[in-house]
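Dear colleague,

Please find below the structure that I am handing over to you, together with its sequence.

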Amino acid sequence: MNNAALEAEGSHGAFLLDSTIVYAGPRGFEALRHVWETQIGDVSPLPTFSPATIGDLRFRGRAAKVRDVAIADVRSASALQTAGTPGGVEDQVRMHVVRRGAWTLDGGPDRGEHTVSAGQFRLGHVGRPYAFETAPHTTTRIFALPAARLGPLLRNRSITGPANSAEVRLLVAHTNMVHATLADLGPAGVHAAHSTLIELAKAVVQGRFDDVEPRLAPALVQAAKDLANSRLSDPELSSTMLARQLNVSVRTLQRAFAAEGEPVGSYIRRRRLEEARLALAAPRSRLSVAEIAGRWQFSDSSHFIRAFKSHYGQTPASYARFARQDESAVRSGGNFITSNPEG
(Lines give C-alpha, C1' and ligand atoms only; values in the text may rest on other atoms or scores of the structure.)
Protein backbone atom coordinates (compact mmCIF):
# COMPACT_ATOMS: atom_id res chain seq x y z
CA MET A 1 0.00 0.00 0.00
CA ASN A 2 1.41 3.41 -0.91
CA ASN A 3 2.04 6.20 1.57
CA ALA A 4 -0.79 8.34 0.22
CA ALA A 5 -3.32 5.58 0.85
CA LEU A 6 -1.98 5.04 4.35
CA GLU A 7 -2.26 8.75 5.10
CA ALA A 8 -5.81 8.75 3.80
CA GLU A 9 -6.63 5.97 6.24
CA GLY A 10 -4.88 7.83 9.05
CA SER A 11 -2.52 4.90 9.47
CA HIS A 12 1.17 4.22 9.14
CA GLY A 13 3.18 1.07 8.70
CA ALA A 14 5.30 -0.01 11.62
CA PHE A 15 8.34 2.22 12.02
CA LEU A 16 11.40 2.21 14.22
CA LEU A 17 11.95 4.37 17.26
CA ASP A 18 15.67 4.70 17.94
CA SER A 19 17.45 7.46 19.85
CA THR A 20 20.80 5.77 19.23
CA ILE A 21 20.75 6.18 15.44
CA VAL A 22 22.77 9.38 15.79
CA TYR A 23 24.33 9.35 19.25
CA ALA A 24 22.84 9.01 22.70
CA GLY A 25 21.99 12.33 24.28
CA PRO A 26 20.24 15.45 22.95
CA ARG A 27 20.84 14.63 19.27
CA GLY A 28 19.39 11.19 19.78
CA PHE A 29 16.38 12.70 21.50
CA GLU A 30 15.79 15.09 18.61
CA ALA A 31 15.90 12.19 16.15
CA LEU A 32 13.37 10.29 18.25
CA ARG A 33 11.11 13.32 18.66
CA HIS A 34 11.04 13.99 14.92
CA VAL A 35 9.94 10.44 14.11
CA TRP A 36 7.39 10.35 16.93
CA GLU A 37 5.79 13.70 16.12
CA THR A 38 5.53 13.07 12.39
CA GLN A 39 4.20 9.53 12.71
CA ILE A 40 1.90 9.28 15.75
CA GLY A 41 2.11 12.62 17.57
CA ASP A 42 -1.45 13.60 16.66
CA VAL A 43 -2.79 10.52 18.47
CA SER A 44 -0.25 10.23 21.30
CA PRO A 45 1.90 13.34 21.90
CA LEU A 46 5.45 12.78 23.06
CA PRO A 47 5.72 13.76 26.74
CA THR A 48 8.08 16.42 28.03
CA PHE A 49 11.10 14.60 29.40
CA SER A 50 13.41 15.74 32.16
CA PRO A 51 16.81 17.24 31.20
CA ALA A 52 18.55 14.17 32.67
CA THR A 53 16.49 11.89 30.41
CA ILE A 54 17.20 13.96 27.30
CA GLY A 55 20.90 14.05 28.14
CA ASP A 56 21.19 10.26 28.31
CA LEU A 57 18.40 8.81 26.21
CA ARG A 58 19.14 5.24 25.11
CA PHE A 59 15.90 4.04 23.65
CA ARG A 60 14.83 1.66 20.91
CA GLY A 61 11.47 0.34 19.86
CA ARG A 62 8.80 0.42 17.19
CA ALA A 63 5.42 2.03 16.77
CA ALA A 64 2.38 2.09 14.51
CA LYS A 65 -0.78 4.13 14.10
CA VAL A 66 -4.10 2.62 13.08
CA ARG A 67 -6.54 5.49 12.71
CA ASP A 68 -7.10 6.76 16.27
CA VAL A 69 -5.06 3.99 17.93
CA ALA A 70 -1.32 4.25 18.53
CA ILE A 71 0.87 1.33 19.60
CA ALA A 72 4.47 1.71 20.76
CA ASP A 73 6.99 -0.83 21.96
CA VAL A 74 9.44 0.89 24.30
CA ARG A 75 12.79 -0.73 25.12
CA SER A 76 14.85 1.74 27.09
CA ALA A 77 18.33 1.04 28.44
CA SER A 78 18.32 4.35 30.30
CA ALA A 79 15.75 5.50 32.83
CA LEU A 80 12.90 7.69 31.54
CA GLN A 81 11.36 10.51 33.53
CA THR A 82 8.99 13.32 32.64
CA ALA A 83 9.66 16.92 33.68
CA GLY A 84 7.49 18.14 36.55
CA THR A 85 3.72 17.81 36.51
CA PRO A 86 2.32 18.11 32.97
CA GLY A 87 -0.52 20.52 32.31
CA GLY A 88 -3.28 20.52 29.74
CA VAL A 89 -6.11 18.16 28.89
CA GLU A 90 -6.12 14.71 27.31
CA ASP A 91 -8.99 12.36 26.64
CA GLN A 92 -7.58 8.91 25.99
CA VAL A 93 -7.45 5.44 27.33
CA ARG A 94 -3.87 4.28 27.90
CA MET A 95 -2.66 0.76 28.47
CA HIS A 96 0.81 -0.29 29.62
CA VAL A 97 1.93 -3.91 29.33
CA VAL A 98 5.30 -4.24 31.09
CA ARG A 99 7.46 -7.19 30.15
CA ARG A 100 10.65 -6.12 31.96
CA GLY A 101 11.53 -3.51 34.56
CA ALA A 102 8.85 -1.19 35.98
CA TRP A 103 6.78 1.78 34.78
CA THR A 104 5.52 4.21 37.46
CA LEU A 105 2.57 6.48 36.61
CA ASP A 106 1.69 9.57 38.63
CA GLY A 107 -1.92 10.54 38.06
CA GLY A 108 -1.74 13.61 40.31
CA PRO A 109 -3.26 14.30 43.72
CA ASP A 110 -6.62 12.73 42.88
CA ARG A 111 -5.31 9.48 41.38
CA GLY A 112 -2.00 8.91 43.13
CA GLU A 113 1.01 6.92 41.98
CA HIS A 114 0.86 3.45 40.45
CA THR A 115 3.75 1.16 39.52
CA VAL A 116 3.26 -1.44 36.82
CA SER A 117 5.82 -4.18 37.36
CA ALA A 118 7.15 -6.76 34.92
CA GLY A 119 4.46 -9.27 33.96
CA GLN A 120 1.60 -6.84 34.69
CA PHE A 121 -0.63 -4.47 32.75
CA ARG A 122 -2.62 -1.37 33.60
CA LEU A 123 -5.39 0.23 31.55
CA GLY A 124 -7.14 3.45 32.47
CA HIS A 125 -8.82 6.61 31.24
CA VAL A 126 -6.48 9.59 31.04
CA GLY A 127 -8.20 12.94 31.48
CA ARG A 128 -4.98 14.95 31.46
CA PRO A 129 -1.28 14.35 30.78
CA TYR A 130 0.41 12.36 33.52
CA ALA A 131 3.95 12.20 34.84
CA PHE A 132 5.84 8.93 34.74
CA GLU A 133 9.23 7.39 35.27
CA THR A 134 10.75 4.03 34.47
CA ALA A 135 13.54 1.91 35.81
CA PRO A 136 16.51 1.36 33.48
CA HIS A 137 16.12 -1.55 31.07
CA THR A 138 12.34 -1.40 31.02
CA THR A 139 10.41 -2.99 28.16
CA THR A 140 6.80 -1.91 27.75
CA ARG A 141 4.07 -1.99 25.13
CA ILE A 142 1.93 1.15 25.26
CA PHE A 143 -1.50 1.58 23.69
CA ALA A 144 -3.22 4.93 23.16
CA LEU A 145 -6.90 4.18 22.56
CA PRO A 146 -9.99 6.33 21.86
CA ALA A 147 -11.82 7.31 25.04
CA ALA A 148 -15.13 7.54 23.19
CA ARG A 149 -15.07 3.79 22.52
CA LEU A 150 -13.65 2.55 25.84
CA GLY A 151 -14.33 5.26 28.40
CA PRO A 152 -17.99 4.29 28.98
CA LEU A 153 -16.89 0.72 29.78
CA LEU A 154 -14.19 1.86 32.20
CA ARG A 155 -16.41 4.34 34.11
CA ASN A 156 -13.30 6.05 35.58
CA ARG A 157 -11.85 2.73 36.75
CA SER A 158 -8.32 1.51 36.16
CA ILE A 159 -7.91 -2.15 35.23
CA THR A 160 -4.79 -4.00 36.35
CA GLY A 161 -3.78 -7.62 36.11
CA PRO A 162 -1.33 -10.18 34.75
CA ALA A 163 0.06 -9.63 31.26
CA ASN A 164 -0.42 -13.32 30.47
CA SER A 165 -4.21 -13.22 30.87
CA ALA A 166 -6.11 -14.57 27.88
CA GLU A 167 -7.46 -11.17 26.86
CA VAL A 168 -4.06 -9.45 26.99
CA ARG A 169 -2.44 -12.33 25.11
CA LEU A 170 -4.93 -11.89 22.28
CA LEU A 171 -4.48 -8.12 22.16
CA VAL A 172 -0.68 -8.43 22.08
CA ALA A 173 -0.82 -11.15 19.42
CA HIS A 174 -3.04 -8.97 17.25
CA THR A 175 -0.77 -5.94 17.59
CA ASN A 176 2.18 -8.09 16.53
CA MET A 177 0.26 -8.92 13.36
CA VAL A 178 -0.57 -5.22 12.89
CA HIS A 179 3.12 -4.30 13.09
CA ALA A 180 3.95 -6.98 10.51
CA THR A 181 1.19 -6.25 7.97
CA LEU A 182 -0.08 -2.68 8.33
CA ALA A 183 2.03 -1.19 5.55
CA ASP A 184 0.54 -3.66 3.06
CA LEU A 185 -3.13 -3.38 4.07
CA GLY A 186 -5.74 -1.73 1.92
CA PRO A 187 -8.60 0.36 3.38
CA ALA A 188 -10.71 -2.71 4.21
CA GLY A 189 -7.76 -4.35 5.94
CA VAL A 190 -7.00 -1.24 7.97
CA HIS A 191 -10.65 -1.06 9.01
CA ALA A 192 -10.60 -4.72 10.10
CA ALA A 193 -7.31 -4.28 12.00
CA HIS A 194 -8.68 -1.20 13.79
CA SER A 195 -12.01 -2.84 14.67
CA THR A 196 -10.24 -5.87 16.09
CA LEU A 197 -7.93 -3.68 18.18
CA ILE A 198 -10.93 -1.95 19.71
CA GLU A 199 -12.82 -5.21 20.35
CA LEU A 200 -9.81 -6.81 22.01
CA ALA A 201 -9.19 -3.73 24.16
CA LYS A 202 -12.84 -3.94 25.25
CA ALA A 203 -12.24 -7.59 26.12
CA VAL A 204 -9.41 -6.55 28.45
CA VAL A 205 -11.75 -4.11 30.20
CA GLN A 206 -14.54 -6.69 30.51
CA GLY A 207 -12.31 -9.65 31.35
CA ARG A 208 -13.75 -11.73 28.51
CA PHE A 209 -13.99 -11.75 24.73
CA ASP A 210 -16.50 -13.03 22.21
CA ASP A 211 -14.91 -16.34 21.22
CA VAL A 212 -17.36 -16.88 18.35
CA GLU A 213 -16.63 -13.51 16.72
CA PRO A 214 -14.91 -14.46 13.43
CA ARG A 215 -12.83 -11.27 13.34
CA LEU A 216 -11.02 -12.42 16.49
CA ALA A 217 -10.06 -15.86 15.15
CA PRO A 218 -6.71 -14.74 13.64
CA ALA A 219 -5.72 -13.13 16.94
CA LEU A 220 -6.73 -16.29 18.81
CA VAL A 221 -4.61 -18.42 16.48
CA GLN A 222 -1.61 -16.13 16.81
CA ALA A 223 -1.90 -16.02 20.60
CA ALA A 224 -2.09 -19.82 20.68
CA LYS A 225 0.97 -20.07 18.42
CA ASP A 226 2.92 -17.63 20.59
CA LEU A 227 2.04 -19.64 23.68
CA ALA A 228 2.83 -22.97 22.00
CA ASN A 229 6.21 -21.67 20.80
CA SER A 230 7.16 -20.82 24.37
CA ARG A 231 6.14 -24.30 25.63
CA LEU A 232 7.36 -26.66 22.89
CA SER A 233 9.40 -28.76 25.30
CA ASP A 234 6.51 -29.02 27.77
CA PRO A 235 5.01 -32.53 27.84
CA GLU A 236 1.62 -31.00 28.73
CA LEU A 237 1.45 -28.89 25.55
CA SER A 238 -1.75 -29.75 23.68
CA SER A 239 -4.85 -28.13 22.23
CA THR A 240 -6.53 -28.67 25.61
CA MET A 241 -3.78 -26.82 27.49
CA LEU A 242 -3.75 -23.94 24.97
CA ALA A 243 -7.54 -23.60 25.10
CA ARG A 244 -7.47 -23.54 28.89
CA GLN A 245 -4.74 -20.86 28.97
CA LEU A 246 -6.64 -18.73 26.45
CA ASN A 247 -10.00 -19.21 28.13
CA VAL A 248 -11.78 -20.75 25.15
CA SER A 249 -13.21 -24.16 24.41
CA VAL A 250 -11.07 -26.70 22.58
CA ARG A 251 -13.66 -26.67 19.79
CA THR A 252 -13.35 -22.88 19.42
CA LEU A 253 -9.56 -23.13 19.21
CA GLN A 254 -9.72 -25.98 16.70
CA ARG A 255 -12.24 -24.07 14.58
CA ALA A 256 -9.98 -21.00 14.52
CA PHE A 257 -6.97 -23.10 13.44
CA ALA A 258 -9.06 -24.87 10.81
CA ALA A 259 -9.84 -21.49 9.26
CA GLU A 260 -6.07 -20.90 9.00
CA GLY A 261 -5.59 -24.26 7.28
CA GLU A 262 -3.50 -26.17 9.87
CA PRO A 263 -4.83 -28.15 12.85
CA VAL A 264 -3.48 -27.35 16.31
CA GLY A 265 -1.73 -30.70 16.68
CA SER A 266 -0.09 -30.38 13.27
CA TYR A 267 1.26 -26.95 14.16
CA ILE A 268 2.76 -28.21 17.43
CA ARG A 269 4.34 -31.23 15.71
CA ARG A 270 5.77 -29.09 12.89
CA ARG A 271 7.30 -26.57 15.30
CA ARG A 272 8.82 -29.36 17.41
CA LEU A 273 10.35 -30.87 14.28
CA GLU A 274 11.77 -27.47 13.32
CA GLU A 275 13.38 -27.10 16.74
CA ALA A 276 14.72 -30.65 16.56
CA ARG A 277 16.22 -29.91 13.14
CA LEU A 278 17.98 -26.83 14.50
CA ALA A 279 19.35 -28.88 17.39
CA LEU A 280 20.65 -31.54 14.99
CA ALA A 281 22.42 -28.92 12.86
CA ALA A 282 23.93 -26.96 15.77
CA PRO A 283 27.74 -27.03 15.30
CA ARG A 284 28.53 -27.66 18.97
CA SER A 285 25.61 -29.94 19.72
CA ARG A 286 26.49 -33.43 20.87
CA LEU A 287 22.96 -34.51 21.73
CA SER A 288 21.97 -37.93 20.47
CA VAL A 289 18.90 -38.55 18.34
CA ALA A 290 17.22 -40.14 21.36
CA GLU A 291 18.00 -37.11 23.55
CA ILE A 292 16.61 -34.69 20.94
CA ALA A 293 13.51 -36.85 20.53
CA GLY A 294 12.94 -36.73 24.27
CA ARG A 295 13.55 -33.00 24.58
CA TRP A 296 10.93 -32.20 21.95
CA GLN A 297 8.40 -34.67 23.35
CA PHE A 298 8.39 -37.43 20.74
CA SER A 299 7.28 -40.68 22.36
CA ASP A 300 10.43 -42.56 21.32
CA SER A 301 13.30 -42.46 18.84
CA SER A 302 11.45 -44.53 16.25
CA HIS A 303 8.49 -42.18 16.26
CA PHE A 304 10.81 -39.17 15.95
CA ILE A 305 12.79 -40.74 13.08
CA ARG A 306 9.61 -41.55 11.13
CA ALA A 307 8.14 -38.07 11.66
CA PHE A 308 11.42 -36.34 10.76
CA LYS A 309 11.92 -38.38 7.60
CA SER A 310 8.32 -37.80 6.52
CA HIS A 311 8.72 -34.03 6.96
CA TYR A 312 12.30 -33.47 5.76
CA GLY A 313 12.93 -36.43 3.44
CA GLN A 314 15.86 -37.89 5.39
CA THR A 315 16.54 -39.39 8.77
CA PRO A 316 17.74 -37.25 11.69
CA ALA A 317 21.17 -38.96 11.73
CA SER A 318 21.65 -38.37 8.03
CA TYR A 319 20.54 -34.75 8.30
CA ALA A 320 22.90 -34.11 11.22
CA ARG A 321 25.85 -35.71 9.43
CA PHE A 322 25.46 -33.69 6.26
CA ALA A 323 24.63 -30.45 8.12
CA ARG A 324 27.89 -30.72 10.03
CA GLN A 325 29.82 -31.47 6.84
CA ASP A 326 28.27 -28.37 5.29
CA GLU A 327 29.39 -26.36 8.31
CA SER A 328 32.93 -27.74 8.02
CA ALA A 329 33.02 -26.91 4.32
CA VAL A 330 31.92 -23.32 5.01
CA ARG A 331 34.58 -22.90 7.71
CA SER A 332 37.28 -24.24 5.40
CA GLY A 333 36.14 -22.11 2.48
CA GLY A 334 35.27 -25.11 0.33
CA ASN A 335 32.11 -26.15 -1.43
CA PHE A 336 29.92 -29.05 -0.41
CA ILE A 337 26.90 -30.33 -2.28
CA THR A 338 24.45 -32.90 -0.98
CA SER A 339 21.82 -34.88 -2.81
CA ASN A 340 19.07 -35.72 -0.32
CA PRO A 341 20.83 -38.76 1.20
CA GLU A 342 19.09 -41.55 3.06
CA GLY A 343 20.29 -42.51 6.59
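In this predicted model, R149, L150, L153 and L154 of helix α4 are in contact with H194, I198, A201, K202, V205 and Q206 of helix α6. Sorted by class, the contact of α4 with α6 comprises 6 nonpolar, 2 polar and 2 charged residues. Helix α4 spans residues 147-154 and helix α6 spans residues 187-206; their axes come within 10 Å and cross at roughly 15 degrees. Because of that angle, α4 counts as roughly parallel to α6. The crossing of α4 and α6 is right-handed.

On the α10 side, the contact is formed by R270, L273, E274, A276, R277 and L280, and on the α12 side by F304, A307, F308, H311 and Y312. By class, the contact of α10 with α12 contains 7 nonpolar, 1 polar and 3 charged residues.

Turning to the strands, β5 (residues 102-106) is largely enclosed by the rest of the structure, because 4 of its 5 residues are buried. Strand β5 pairs with β6 (residues 113-117) in the antiparallel sense, over 5 bridges. Strand β5 is also joined to β8 (residues 131-134) by 4 bridges, and these two strands likewise run antiparallel.

D234 lies in the loop between α7 (217-229) and α8 (239-245). With a relative accessible area of 17%, D234 is under the 20% limit and is therefore buried. Leaving aside residues up to four places away in sequence, D234 touches M241, R272 and Q297.

D210, in turn, is located in the loop between α6 and α7. Its relative accessible area is 42%, so D210 is classed as partly exposed. The C-alpha atoms of D210 and E199 are separated by 8.8 Å, the two residues being 11 residues apart along the chain.

Yours sincerely

Notes: Residues are numbered from 1 along each chain as its sequence is written. This is a predicted model: local features need pLDDT of at least 70, side-chain atom pairs count only at pLDDT 80 or more; totals for chains, interfaces and linings use all residues. Side-chain values use heavy atoms; hydrogens and water are left out. Axes are lines fitted to C-alpha atoms, for helices over the stretch in contact, and angles run from 0 to 180 degrees between N-to-C directions. Angles under 35 degrees count as roughly parallel, over 145 as roughly antiparallel, 65 to 115 as roughly perpendicular and the rest as oblique. A crossing is left-handed if the near helix is turned anticlockwise from the far one by less than a right angle, and right-handed if clockwise. Contact means heavy atoms within 4.5 Å. Ala, Val, Leu, Ile, Met, Phe, Trp, Tyr, Cys and Pro count as nonpolar, Asp, Glu, Lys and Arg as charged, and the others, Gly among them, as polar. Buried means under 20% relative accessible area, exposed over 50%, partly exposed in between (1.4 Å probe, protein chains only). Two strands pair if DSSP finds at least two bridges between them.
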